[in-house]
Amino acid sequence: MKIISGFEKVEKREILDCRIKSLKELMRFSGCNISSFELLVLCEAMTLRYGYINYKEHNINGVPYVTSTNMNIHKYLFEKLRIDYKCEKIGSDDAGWEMIKALLDAQIPVLVELDGSVFMKRRKEHCMDLHYISYVLAVGYDEATREIAIVLTPSAQTDMYVTLKYEDFQASRIKECFPYKATGDCYYLPKPVNINDADIESLLKGSLKNVSSIMLKGKETDGIYSKAIDITDMCVGLPAMKRFTGDYKTRSLRLLKNKKLRSFYQLELLILRNNIQYGSLTCYREEFAKGLYMMAEKYNISECKEAAVLFEKSASYWKKLIWQLGMLAKHKDKVSFSGMRKIANISQKIYAQERKAFSLISEM
């Protein structure tokens, strides 16, 4: 295996998020050691978006869609640190592989967009959970065995790179999937960077201000692209949680009048459960709290510690919400007025808790 110098060993995983893991290792390679939890804050990765999926071909409209993280966090990071980066759409054919291989030969790691569903067919063979994979950092290859080395680690105990089969790697790079699509985008840093002089403390504080402002006030947002579906009426932040709560109060009341809706709502809940979590059991609230604790200790910011305590409580509510969604999605007979109302009640608690937390951060 031909590995870029410095990636023979990688740090053990701190967060179950392939994007954060990839960026953390890329930053370490560039001379900036920052924890995954602080990186989560710096990238402004945590959010809340709510809209409605419309399946054009099947004439199905208004299916709830929630996401708890921003997708383009690598761009946030590069631009915030003023890092010169390249984004190229590289084909998933042999010519495209030669382009990636040339970058790796030049000791340049490549951040590659992937669709993780491709790997689920041989999940046991890969020996790791690749369900939510979306970006990985390619750091080497073996021409003889046709394998690609990436820094994604399969467990919190692993400190080695792992390998993907060439065929799987290429098949996952350009693919229509739900609700995003892998387009073949590859990111890399064309020249060495020096991040040592970056004022990480100020940048972290700025990120906290940005996240809290968006979560409290909301903002305009673009739709999420797909040829098969579109997502309309997207709103962001706590206003989104308020609408989500209201919608599930309405859905619970509808079930009192029409029990035939249970099957349809069960499908809705399954879709919602699959897209809301995105690799985090608490929709990144627990991880965000850990980042705040680190900032409180490192930079002596008491407000960060107070906010962290509030987010820990919010994390417990998110965990209950995800469990409730999963339980109803598995058992149609439990999709009832009380079952649906629990979703609304838990989300109402999240709204109240996070309003306190983000208000505290906004006053820092």
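**Close-up views of the predicted model**

**Arginine 254 is partly exposed, its relative accessibility being 44%.** Here buried denotes a relative accessible area under 20%, exposed over 50%, and partly exposed the range in between, computed with a 1.4 Å probe on protein chains only. The model is predicted, so local features need pLDDT of at least 70 and side-chain atom pairs count only at pLDDT 80 or more, whereas totals for chains, interfaces and linings use all residues. Residues are numbered from 1 along each chain as its sequence is written, and side-chain values use heavy atoms, with hydrogens and water left out. Arginine 254 belongs to helix H8, which spans residues 238–257; helices (H or I, at least four residues) and strands (E, at least two) are DSSP runs numbered from the N terminus. Leaving aside residues up to four places away in sequence, arginine 254 is in contact (heavy atoms within 4.5 Å) with Leu261 and Tyr265. A separation of 9.8 Å lies between the C-alpha atoms of arginine 254 and serine 336, which are 82 residues apart along the chain.

**Glutamine 353 is located in helix H12, residues 337–362.** The relative accessible area of glutamine 353 is 12%, so this residue counts as buried. With residues up to four places away in sequence not counted, glutamine 353 touches Leu310, Lys313, Ser314 and Tyr317.

**Helix H7 (residues 200–217) and helix H10 (residues 285–299) cross at roughly 140 degrees, their axes coming within 12 Å.** Axes are lines fitted to C-alpha atoms, for helices over the stretch in contact, and angles run from 0 to 180 degrees between N-to-C directions. H7 and H10 are therefore oblique to each other, given that angles under 35 degrees count as roughly parallel, over 145 as roughly antiparallel, 65 to 115 as roughly perpendicular and the rest as oblique. The crossing of H7 past H10 is left-handed, a term used where the near helix is turned anticlockwise from the far one by less than a right angle. From H7, the residues Ile200, Glu201, Leu204, Lys205, Leu208 and Met215 meet Arg285, Phe288, Leu292, Met295 and Tyr299 of H10. Eight residues of this contact are nonpolar, none is polar and three are charged; Ala, Val, Leu, Ile, Met, Phe, Trp, Tyr, Cys and Pro count as nonpolar, Asp, Glu, Lys and Arg as charged, and the others, Gly among them, as polar.

**The whole structure holds 13 aromatic pairs.** One of them joins phenylalanine 78 and tyrosine 85 in a tilted arrangement, 5.0 Å centre to centre with 35 degrees between the planes. Rings of Phe, Tyr and Trp (its six-membered ring) pair if their centres lie within 6.5 Å, and planes under 30 degrees apart count as stacked, over 60 as edge-to-face and the rest as tilted. Phenylalanine 78 is buried at 1% relative accessibility, whereas tyrosine 85 is partly exposed at 21%.

**Tryptophan 97 and tyrosine 141 form an edge-to-face pair, because their planes stand at 90 degrees, with the ring centres 5.7 Å apart.** This pair links distant parts of the chain, 44 residues apart: tryptophan 97 lies in helix H4 (residues 94–105) and tyrosine 141 in strand E6 (residues 135–142). Tryptophan 97 is buried at 6% relative accessibility, and tyrosine 141 is buried with a relative accessible area of 9%.

**Tyr50, Tyr52, Phe244 and Tyr248 make up one aromatic cluster.** As context for this view, the chain contains 12 helices and 12 strands, and 54% of its 364 residues count as buried.
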